[in-house]
Amino acid sequence: MKSINMMKYLFLTLGAVFLAVATFSARNTQTFIAESTAAPGTVIDMVRRQSSDSDTYAPVVQFATTAGDTIEFTSSTSSNPPSYHTGERVEVLYRPNAPHAARINAFGSLWGTALIVGGLGAIFFSIGAGIVLAAVFEARKAADLKLNTSSRATTSGSILRRT
């Protein structure tokens, strides 16, 4: 019983933290988009990223700022199979005061972190809330059963006395 009690707090806390991180990420993305300038870019390379169980590929993009500077950046998002190929044209969003922190103007590149972390947060928080609600319903059921059992005993006693 103690482990279930501890688990509900763990799930609720993890869920709340993930939801807060997702909210922070979404707001940062909104701010980034609002402050950004769009520019055409070209995927010039694909960088392989290795993890313990698979390889993913991140595009390296080159674009020119409105000031005429040529900028190269590697996307923070990667996938397998690759989402882009060398030579592909993409739209880039960048802040004029920080062009090296550019992003590809694509849904996954912009909103992927917020969606993944938010989805995990919703799952964890829902599990924790489900455990809490199950305990509340169980306590109500036990209280109702106790009330109905004592009420029946009183009713049975008064019927027996009348006869």
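Guide: Here is a short chat about the structure shown above.

Visitor: What kind of model is this?
Guide: This is a predicted model, where local features need pLDDT of at least 70, side-chain atom pairs count only at pLDDT 80 or more, and totals for chains, interfaces and linings use all residues. Residues are numbered from 1 along each chain as its sequence is written, and side-chain values use heavy atoms, with hydrogens and water left out.

Visitor: How many helices and strands does the protein chain have?
Guide: The protein chain has two helices and five strands. These are DSSP runs, numbered from the N terminus: helices are H or I with at least four residues, strands are E with at least two.

Visitor: What pattern do they follow along the sequence?
Guide: The pattern of the protein chain is α-β-β-β-β-β-α.

Visitor: What is the radius of gyration of the protein chain?
Guide: The protein chain has 28 Å, while a compact globule of 163 residues would be near 15 Å. The radius is taken over C-alpha atoms, and the globule rule is 2.2 Å times the number of residues to the power 0.38. Along the principal axes, the C-alpha atoms fill a box of roughly 105 × 35 × 25 Å.

Visitor: How much of the protein chain is buried?
Guide: Of its 163 residues, 24% count as buried. Buried means under 20% relative accessible area, exposed over 50%, and partly exposed in between (1.4 Å probe, protein chains only).

Visitor: What does Ser75 touch?
Guide: Not counting residues up to four places away in sequence, Ser75 touches Arg49, Ala58, Pro59, Ile104 and Ser109. Contact means heavy atoms within 4.5 Å.

Visitor: New topic. How many salt bridges are there in the whole structure?
Guide: A search finds two. A salt bridge is a side-chain nitrogen of Lys or Arg within 4 Å of a carboxyl oxygen of Asp or Glu.

Visitor: Why can side chains pair like that?
Guide: Side chains of opposite charge can pair when their charged atoms come close.

Visitor: Which residue pairs with Glu35?
Guide: Glu35 forms a salt bridge with Arg95, and their closest N and O atoms are 2.9 Å apart. The pair links distant parts of the chain: Glu35 is in helix H1 (residues 2-35) and Arg95 is in strand E4, 60 residues apart. Glu35 is partly exposed, at 44% relative accessibility. Arg95 is partly exposed too, at 26%.

Visitor: And which residue does Asp55 meet?
Guide: The side chain of Asp55 meets that of Arg48 in a salt bridge, at 3.6 Å from N to O. Asp55 is partly exposed at 23% relative accessibility. Arg48 is partly exposed at 48%.

Visitor: Where is Ala64?
Guide: Ala64 is in strand E2 (residues 55-64). Leaving aside neighbours within four places in sequence, Ala64 is in contact with Ala39, Pro40, Asp69 and Thr70. The C-alpha atoms of Ala64 and Gly41 are 7.4 Å apart, and the two are 23 residues apart along the chain.

Visitor: Last one. Is Arg140 buried or exposed?
Guide: Arg140 counts as exposed because its relative accessible area is 58%. Arg140 is in helix H2 (residues 107-162). The C-alpha atoms of Arg140 and Leu115, 25 residues apart along the chain, are separated by 36 Å.
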